[in-house]
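This report concerns the strand pairing and the disulfides of the structure shown below. Please keep the sequence and the model in view while reading.

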Amino acid sequence: AEGVSDVAVLPSLLVPCCAHSGTTFLWRCMQYAFHPERVCGSVADRAGCEGGRCGKQRRSGRVAVYAPLAADWSRSACGSRRYLLPGLAGNVQGHWDYRKEWFFYGGGGAAWPKGWEDYAGVELPLCYWEREYQRLLRVRPLADTLAHSRALCSSAQPSGEKPWWQRGPRGGGPCTHRACLPLDMRKIRFGPEFDGEYDRETSPRWQVQATKALPRLDPSEHPGAVVPDFTPNYLCSVKSLRNLRLSVGAPRHWRLLLVMRTPLDALTSSYKMFVQWGWVRSANLSSDVMPQLRRLRRCNPRLYDSPELLGSLSDEQVLRYFESCWGDGVWRNFVTNSLHYVCLRAWIAAGFSREQLLLLSSEKLRTLQAHELVDALANFTGLHHNAPLLATRREELSAQCEAPDSA
């Protein structure tokens, strides 16, 4: 509409649960199936397809015609089709890629106190979401990408004043943008293909990293963009639900997709991983779980002994129980992070309707064929399933959206 400028598109498709249940598999599948280059693409005969937009020819002669450029994702080119447009993560080398988890509202991260500027990130043009543009950045000289990161973080510097990284870390103020971090180049190591490009003897000791960016769009020009947040610790985090309720509430257009396991499976799976990572002192599950069970019982013995009573409580009583007895969703809360029913009931009490929720068991996820999974996701989220285009690359779709058990 006239007078509307580009605005940061906040995530409205949340996958708040559950860790170690298949969220990474789901993330990769949805990135592939609902990327705008496919959603906004089409199919054509090989004879009518020119340039790098065309996929490989199949026996039928029909090929995928991709939409790889940001200009292809507008209303005029893509119509009202809805596509997945994740936020971006920037690394120390000034390169960008799609970001799965944001940890903004809570769930173990410390992003919430930094404010909305940190959540929205630095301002980037839409071309940064093009896969080819991201690839081209990775082959640019390191000096170029570092200089661009500095520019992204210092756009508000007073005219004529030296940027802070030239004055040293104590020389006159923090990084301009909340989504930027100072880098001490005596401690930072780049990837092996870039580390030799930075001469630490002659180059500045301090650089800056732009860490994240949400897409900024004119909603009248790009109405189809849906931004996801796959932070699997949100659901059982009291802090996350409180921050969300007091900031944005429970918007009706939001969708919550939950990949879940049985409580025992979720608990044992996460614990095994933390043992492998060395995050727990021993492999004795009982030594960590029993104290947490005792604390939970002391918090509310009645509901601990008769959990079925939760269904008869008012929304206010459910939220009071959740806020009193659950934690902040951090990894070490093995027990409460595995009791998803209480967490889900609290989110419903906070205002989310059952129509906004899709529960998908990890066991079911492993049995679905690719087209079944993509269909189910499209029906729930409103994302466009470009079935004709995806059908031209069935093997590729299966590799991204089918678990080994689905055969």
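## Strand pairing in the sheet

In this predicted model, Val259 has Leu360 of strand 15 as its bridge partner. Strand 14, which spans residues 255-260, pairs with strand 15 in the parallel sense, and five bridges connect the two. Both belong to an open sheet of four strands, arranged in the order 13-2-14-15 with parallel pairing.

## Disulfides: the count and the pair Cys17–Cys18

A sulfur-to-sulfur cut-off of 2.5 Å defines a disulfide here, and by this rule the model holds six disulfides. One of them joins Cys17 to Cys18, with an S to S distance of 1.2 Å. The link of Cys17 and Cys18 is right-handed, with 50° about the S-S bond. Both Cys17 and Cys18 are buried.

## The pair Cys153–Cys180

The sulfur atoms of Cys153 and Cys180 lie 2.0 Å apart and form a disulfide. This link is left-handed, with -90° about the S-S bond. Because Cys153 lies in helix 6 (residues 142-153) and Cys180 in strand 8 (residues 180-184), the pair ties together parts that are 27 residues apart in sequence.

Are these two cysteines buried or exposed? Cys153 is buried, since its relative accessible area is 1%, and Cys180 is buried as well, with a value of 6%; the limit for a buried residue is under 20%.

## The pair Cys299–Cys325

Cys299 and Cys325 are also joined by a disulfide, with 1.9 Å from S to S. The torsion about their S-S bond is about -85°, and the disulfide is therefore left-handed. Distant parts of the chain are linked by this pair: Cys299 is in helix 10 (residues 285-299) and Cys325 in helix 12 (residues 315-325), 26 residues apart.

The accessibility of each partner can be stated separately. Cys299 counts as partly exposed because its relative accessibility is 32%, whereas Cys325, at 12%, counts as buried.

## A further cysteine

Cys127 has a relative accessible area of 21% and is therefore partly exposed.

Key
Residues numbered from 1 in each chain as written. Predicted model: local features only at pLDDT ≥ 70, side-chain atom pairs only at ≥ 80, totals over all residues. Heavy atoms only, no water. Buried < 20%, exposed > 50% of the residue type's maximum accessible area, 1.4 Å probe, protein only. Pairing = 2+ DSSP bridges.
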